[in-house]
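The following paragraphs guide the reader through selected side-chain interactions. Please keep the sequence and the coordinates in view while reading.

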Amino acid sequence: MYKRKILVALTAFFLIAQSAHSQKTLSKDERMAWWREAKFGMFIHWGIYAQFAGVYKGHEQLRGGAEWIMNRSKIPVAEYQEMAKSFNPVKYDPDAWVKMAKDAGMKYLIITAKHHDGFALFNSKASKWDVTDATAYGKDLLKPLAAACKKYGIKLGFYYSQAQDWNNPGGSAARKVMREGWLNPDSAKVDAYTAANNGHWDPAQMTRTFDQYIDEVSVPQVKELMTNYGDIAVLWWDTPTNMTDQAALKLQAALKTQPHIITNDRLKRPNFPGDTKTPEQKIPSQAELDGMDWETCMTMNGTWGFRTSDQKWKSAETLIRNLCDIASKGGNYLLNVGPKPDGTFPQESIDRLKVIGDWMKVNSEAIYATKSSPLAPLSWGRCTRKETAKGTTLYFSVFNWPADGKLVVPGVKNKVLSATLLATKAKLKTALNGEDLSVILPAKAPDAIASVIKVEFEGTVAHQADTAPKKEMKSGALD
């Protein structure tokens, strides 16, 4: 009996110790380690706005992403909620979604758990304006997505609009003028109303205060997201409209059950910088880099949410070269998909993810776990870097294959240990010509989009001086 008591006590001690260890405060570098290696993730914007697809009563939304249609077209709360009743994504297949992300070479996925329209894709006790209570579908959309992410080894993150909420009373609303929605004959009256009511256009939005909204909806929903879906890697805040430091502190406290979590810089500026900067729809210039972690979020076409009329699709070439460019500057690429109302991805997105995945199967070594280029900008492509026991490995993603068969790398004088074409594993010859390194290439590029040359050097490749005047990185929405 005595031995059994000792065994029980020891077991309890070790369980407590293990729990304490798992909850220990990690340094930023420890929390950011996986993210800095990942480089590439999928953003998903999905909600009731997908049903409108950029059109309200026959009028095309005139400005901004389709996910803003409720605000820009000034759709009444009751009318918007009526549309939700027919939301029934019967073709939703989270396993297929996550597999597509994995096959494309993406390492993490962030979905709009709640966008500015306040609609929750999960079962929330804090609001009936959610998928389980307000739609024909009636099932939590995030539970099976979390399971699929766990199955495929993809890190899961949630986008959450902490301040803007156009359906839950008390939520804030960024003021947009009527001409950004449709040519409403009552535009002057509507604009006067929104100017007088902090951007709101419907009295139903103002039956509670902002503080009540934070305490009764926003904070409780963040707690639900942090406790009901397993390990959450990222909380992606957005548009801190009317946010206060007090509200931001409450929301930060709601994350305490996920001590490893990474957050961005959109909770409340400037006092809550988070872990990552978030340039939107643009890749920072070399002059804007300041040593901080950053992630470019970008659409494949022109809108975040699904829109039938938007056919401005970026080519797979552009998307792959964007990834190379971003990695060469030390950032991450968060590439968006806007699913259709039935739960399927647009075919154009599927096609581009396939091409990116094919490229990554050959060349991902030049992206994952790399650091920014030590070299001045290259006219023919981009460079990423890894530090090794032998010295430095540089990966040259060549966009413009040299017609004379010589790839000239200016200002690198380190001894070359090896040079390889990733696609074929062929060994390449190199030569030093004064201050420049020349790599002798085959006549034809193995990949017209970007062919990668891996060159291992002895020692540390020196950082070349950046003469461009410094600028502040523009972080946040351009909308």
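The account may begin with a salt bridge in which the side chains of Arg208 and Glu216 meet at 2.6 Å, N to O. The term salt bridge denotes a side-chain nitrogen of Lys or Arg within 4 Å of a carboxyl oxygen of Asp or Glu. Arg208 is partly exposed, its relative accessible area being 37%, and Glu216 counts as partly exposed as well, at 36%. These classes rest on the relative accessible area, where buried means under 20%, exposed over 50% and partly exposed in between, computed with a 1.4 Å probe on protein chains only.

Some remarks on the basis of these values are in order. The model is predicted, so that local features need a pLDDT of at least 70 and side-chain atom pairs count only at pLDDT 80 or more, whereas totals for chains, interfaces and linings use all residues. Residues are numbered from 1 along each chain as its sequence is written, and side-chain values use heavy atoms, with hydrogens and water left out.

A further salt bridge is formed by the side chains of Lys277 and Asp290, at 2.5 Å, N to O. This pair links distant parts of the chain, 13 residues apart, with both Lys277 and Asp290 in the loop between strands S7 (262-263) and S8. Asp290 is partly exposed, at 40% relative accessibility.

Across the whole structure, a search finds 25 salt bridges. One of them brings together the side chains of Arg307 and Glu60, at 2.8 Å, N to O. Because Arg307 lies in the loop between strand S8 (295-298) and helix H12 (316-328), and Glu60 in strand S3 (residues 59-60), the pair ties together parts that are 247 residues apart in sequence. Helices (H or I, at least four residues) and strands (E, at least two) are DSSP runs, numbered from the N terminus. Arg307 counts as buried at 12% relative accessibility, whereas Glu60 is partly exposed at 33%.

Leaving aside residues up to four places away in sequence, Thr132 touches Asn123, Gly138, Lys139 and Asp140, contact meaning heavy atoms within 4.5 Å.
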